[in-house]
2 protein chains.
Amino acid sequence: MLTVLPTDGTITATAECAASSIAEIQKEEQERKQRNERLLKFAKTFGSIPGVEVGDTWSSRAECPVHRVPMQGIHGSKDDGCYSIAISNLYKYDSDFGETVIYTGSGGFEHYDPKSGKRRRTGPQVRDQQWSDFGNMSLYVSRETGNPVRVIRSWKTVSKYAPAFGYRYDGLYTVKDAWKEQTENGFKICRYRLEVSKASRLVSCPMKARIFL
Amino acid sequence: MLTVLPTDGTITATAECAASSIAEIQKEEQERKQRNERLLKFAKTFGSIPGVEVGDTWSSRAECPVHRVPMQGIHGSKDDGCYSIAISNLYKYDSDFGETVIYTGSGGFEHYDPKSGKRRRTGPQVRDQQWSDFGNMSLYVSRETGNPVRVIRSWKTVSKYAPAFGYRYDGLYTVKDAWKEQTENGFKICRYRLEVSKASRLVSCPMKARIFL
DNA sequence: GTGGGCAGCAGAT
DNA sequence: ATCTGCCGCCCAC
């Protein structure tokens, strides 16, 4: 009674799904869309996210409202700067001192194996990293503006400040320095020194986010 | 006063972050981990997810609790069968009749361009699809077991049953048929016919999920 | 609108 | 522990 089963792929609405409820559904869908656009706008702002505290942890990147890009380490735009970064264990040039982090830019590594044509988890560096890469540029801009950068740490981080599980919001950091450096293989990488911001340290007990458990 | 700023990378907990609160944090982290494991177990069950209704829509795949894989179309295991699928617009062999769906297996398409070494959104078929692919196998097994498969439709679906926005849970379907077919390019693909299950149609108003808005 | 690059994720071995 | 494939997502042009 809910539907007339279509034989030709056509769906015929019945009494229960009359015009009024269709309008309702359209309205709901519209509201969801607007709500989403508001949330997305939040993701593209600097500083803390309302309702999220330093130390909050989620089981996957997808659930984490602090760093709203699915696979990238850097979320930012080359014009406005960097909103957030994820510290994980892809780039061996990272150094994690807790309140100070040396972070590596993106690009220049060969993720695709030309022989097999497959994507690799990690690969050799084959090009210089460039400031023109929008991720690298966004952190460079943040050094100029001084805007805070949200930092999450992955459980995969090779450092004693890594969470035991999931992805943890570790508060706001500031990009203090940005430079290029030549690695032992002769290619250049972008590097950044970030330091936890005073503002972030004054909120609740930031150490709970950084103590090795 | 919250921490002693480390010069050697060592964090020293101070009075505010004493042993008792560290134990608390460990406990919290443990609880989060257990909660997550429960949720993951939920994702690997057949049938509807508690609290999710047919027609519910989310703005991104990541937020959708019904299909808990980030990029794959099929979530399943080759032993237990398929938990859920996503209908989108990657495979041109899909046919969407609303209550009946012809779905294509995965694999066999060349997503990597050997010339540029880059990943492509879509590519030519270069191999037969195989039942041994765990995604394809899982749907094959579901045809045997008759277990329900959760279906979400993407806004990218090329069909009048696509949602106007986001990813929509369209209820439970059953795999009625599974076969291999040769495409015009000479390679074989796995195909499946899924039909909406009676059980799903009796819950709320399933039509609201399938009416073209 | 189109395309490139990517600090994920689950299942399998 | 490691590997592979993948019906995404964002930002830039």
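Predicted model: local features only at pLDDT ≥ 70, side-chain atom pairs only at ≥ 80, totals over all residues.
## Chain A as a whole

The secondary structure of chain A comes to 4 helices and 12 strands, and 46% of its 213 residues count as buried. Among the contacts in chain A with a separation of 6 or more, 56% are accounted for by residues 24 or more positions apart.

Helix α2 of chain A, residues 134-145, has 12 residues and reaches 16 Å from its first C-alpha to its last, close to the 16 Å expected at 1.5 Å a residue. At the start of this helix, a side-chain oxygen of A:Asp133 comes to within 2.8 Å of the backbone nitrogen of A:Gly135, and what follows the helix is A:Gly146, with a positive phi near 75 degrees. An α-helix has 3.6 residues a turn, so residues three or four places apart point the same way. The buried residues of α2(A) are A:Gly135, A:Asn136, A:Ser138, A:Leu139, A:Val141 and A:Ser142, and the elements of chain A that cover these buried residues include β4, β5 (81-87), β7 (100-104), β10 (149-154), β11 (167-182) and β12 (188-196).

A:Gly76 belongs to strand β4 of chain A, residues 74-77, and counts as buried because its relative accessibility is 10%, where the limit for burial is under 20%. Although A:Gly76 and A:Ser138 are 62 residues apart along the chain, their C-alpha atoms are separated by 5.4 Å. When residues up to four places away in sequence are not counted, A:Gly76 touches A:Gly81, A:Cys82, A:Tyr83, A:Phe134 and A:Ser138.

## Helix α2 of chain B

A side-chain oxygen of B:Asp133 reaches to within 2.8 Å of the backbone nitrogen of B:Gly135 at the start of the helix, while B:Gly146, whose phi is positive and near 75 degrees, follows it.

Within α2(B), the residues B:Gly135, B:Asn136, B:Ser138, B:Leu139, B:Val141 and B:Ser142 are buried. The buried residues of this helix pack against a set of strands of chain B, namely β4 (74-77), β5 (81-87), β7 (100-104), β10 (149-154), β11 (167-182) and β12 (188-196).

B:Asp170 is found in strand β11 of chain B and is buried, with a relative accessible area of 0%. Its side chain takes part in a polar contact of 2.5 Å with the side chain of B:Arg153, and the side chain of B:Asp170 also makes a polar contact, of 2.6 Å, with that of B:Arg168.

B:Arg191 lies in strand β12 of chain B and, at 14% relative accessibility, counts as buried. A polar atom of the side chain of B:Arg191 lies 2.8 Å from the backbone oxygen of B:Tyr93. With neighbours within four places in sequence left aside, B:Arg191 is in contact with B:Tyr93, B:Ser95, B:Ile102, B:Tyr103, B:Asp177, B:Ala178, B:Trp179 and B:Glu181.

## A partly exposed loop residue, B:Lys44

B:Lys44 is found in the loop between α1 (19-43) and β3 (57-58) of chain B. This residue counts as partly exposed because its relative accessibility is 48%, a value that falls between the limits of 20% and 50%. The C-alpha atoms of B:Lys44 and B:Cys82, which are 38 residues apart along the chain, are separated by 8.9 Å. Leaving aside neighbours within four places in sequence, B:Lys44 is in contact with B:His75 and B:Tyr83.

Definitions and conventions:
Residues numbered from 1 in each chain as written. Chains lettered and ligands numbered in written order. Heavy atoms only, no water. Buried < 20%, exposed > 50% of the residue type's maximum accessible area, 1.4 Å probe, protein only. Helix = DSSP H or I, 4+ residues; strand = E, 2+ residues; numbered from the N terminus. Contact = heavy atoms within 4.5 Å. Polar contact = N/O pair within 3.5 Å; in protein donor to acceptor, adjacent residues only side chain to side chain. Expected span 1.5 Å × (residues − 1).
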